[in-house]
Amino acid sequence: MTELPIHDYYPQASQLVYGCMGLGGGWTDAPANEQDTRQAQHIIETCLENKVNVFDLADIYTFGKAEEVFGKVLKASPELRKNMIVQTKVGIKLTPVHDVKQYDLSPEWITTALNSSLKRLQSENVDILFLHRPDPLMDLDDTAEALQKLHKQGKFSHLAVSNMHAGQIAWLQSAVSFPIIANQLQMSLQHADFIEETITTNMKEGCNSGFPRGTLEFCEQQNIQIQAWSPLARGIYTGNPSSAPDANELATTKLIAQLANRYSSNTNAIVLSWLLKHPINIQPVVGTTNIARIIECAKAPIVSLSRDDWYLLFETARGHEIP
Ligand SMILES: NC(=O)c1ccc[n+]([C@@H]2O[C@H](COP(=O)([O-])OP(=O)(O)OC[C@H]3O[C@@H](n4cnc5c(N)ncnc54)[C@H](OP(=O)(O)O)[C@@H]3O)[C@@H](O)[C@H]2O)c1
């Protein structure tokens, strides 16, 4: 297994990232309370004890409350900060706070959003700033200038992107002087278009793949860390089935339970180990708030799926044999 690309910048970074989208008491108007902060503290400490030291946030998560409780934990226990890598994202404006849902990578919004995030996080700096989604109305030079300024002010140490394809990353990179170090995309056994894209070149079957062709290869060549969001497929194979599970989902759930047994592991670790087997060295961003599940997920890096089992899982989840 090669090094994680992110190790060029953070040699101590863990393979798993903890996704903080569930912190802060949910997507409601109700303010975060003390119980929400205690939950965040317990989760952060559990992650660190289990060698998960990268934390993924966004300004929008639970309408800012995820960053708020995270900030309160950092304020109460500042010693935790030196052992972690903190990343946040800006660039999405959500209703009901904004009249129209939109992506906004304008200089004004990036600056306002990052300053608000830092205030909630009670921090002067985040390690990695992600641009959450591409904004079709972005002016490259203006956005790049704002990023350069915020970087120079020390408000973020490294830049990353999310939900972008190779061309968009190269375009952005052409205008900023520091490297784009990561790209976060949805990837899981259920959302496996990144593999479909690889194996269906020149086939009609591949036309339905939403994954942008060449993006994995581009990221590998440019040493850009791939991070996978929703890597547990929100638990559909491990105890939180879809409302009307199809035969593929049921068969995959059954197979994962068998593999957990055979590898003396657990179902969450098996689901993640399927992503970890990919040689591009993915960092799954795990979003469960359940302490037992976090501990199970942390065992994924010690599972080494065989080639046969990797293909069997893929074919079972996709429902038919590969071409
Ligand atoms: N860049 C982007 O555009 C983007 C988009 C979405 C998410 N993200 C990041 O990715 C992280 C992970 O995403 P995610 O939370 O959607 O996906 P996930 O890690 O695949 O799934 C976590 C969710 O599934 C539930 N779950 C998992 N296993 C379960 C089980 N066995 N039984 C019941 N519930 C189960 C969890 O509930 P419990 O908490 O109860 O376990 C939680 O709500 C987020 O926290 C965020 O940091 C990024």
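Helices (H or I, at least four residues) and strands (E, at least two) are taken here as DSSP runs, numbered from the N terminus. The structure is a predicted model, in which local features need pLDDT of at least 70, side-chain atom pairs count only at pLDDT 80 or more, and totals for chains, interfaces and linings use all residues. Residues are numbered from 1 along each chain as its sequence is written, and side-chain values use heavy atoms, with hydrogens and water left out.

Most residues other than glycine have a negative phi, and most peptide bonds are trans. Pro96, in the loop between S4 and strand S5 (102-103), is joined to Thr95 by a cis peptide bond with omega of about 5 degrees. Thr62, in the loop between strand S2 (54-56) and H2, has a positive phi near 45 degrees. With buried meaning under 20% relative accessible area, exposed over 50%, and partly exposed in between (1.4 Å probe, protein chains only), Thr62 counts as buried at 0% relative accessibility.

The loop between H6 and H7 holds Asn202, for which phi is positive as well, near 65 degrees. Asn202 counts as exposed, at 80% relative accessibility. Thr200 is found in the loop between H6 and H7 too, yet Thr200 is buried, with a relative accessible area of 0%. Taking contact as heavy atoms within 4.5 Å, and not counting residues up to four places away in sequence, Thr200 touches Gly206, Arg213 and Pro323.

Helix H3 (residues 107-121) has 15 residues and reaches 21 Å from its first C-alpha to its last, close to the 21 Å expected at 1.5 Å a residue; the expected span is 1.5 Å times one less than the number of residues. Buried in H3 are Trp109, Ile110, Ala113, Leu114, Ser117, Leu118 and Leu121. Viewed down the axis of H3, these buried residues fall within an arc of 155 degrees, so they line one face of the helix; the arc is that of the directions from the helix axis to the C-beta atoms. An α-helix has 3.6 residues a turn, so residues three or four places apart point the same way. On the face of H3 turned away from its buried side sit the exposed residues Glu108 and Lys119. The cover over the buried residues of H3 includes helix H2 (65-76), strand S3 (85-90), strand S4 (92-93), strand S6 (126-131), helix H4 (140-152) and strand S7 (156-162). Just after H3, Gln122 takes a positive phi of about 50 degrees.

Pro107, in helix H3, illustrates the pairing: Pro107 touches Asp142, Thr143 and Ala146, not counting residues up to four places away in sequence. The C-alpha atoms of Pro107 and Leu147 are separated by 7.7 Å, although the two residues are 40 apart along the chain.

On a 1 Å grid over the protein atoms alone, a cavity is a set of points where a 1.4 Å probe fits but cannot get out, and a pocket is an open set with protein on both sides within 12 Å along at least five of seven lines; lining residues have an atom within 4 Å of a point. Grid points are joined across faces, edges and corners, and a volume is the space filled by probe spheres set on the points. A search of the whole structure finds one cavity of 30 Å³ or more, and about 50 Å³ of space lies in the largest cavity. Its lining consists of Leu16, Val17, Tyr18, Cys47, Val52, Val286, Ile294, Cys297 and Ala298. The largest pocket holds about 670 Å³ of space. Among its 34 lining residues, Met21, Trp229, Ser230, Arg234 and Gly287 are the closest to its centre.
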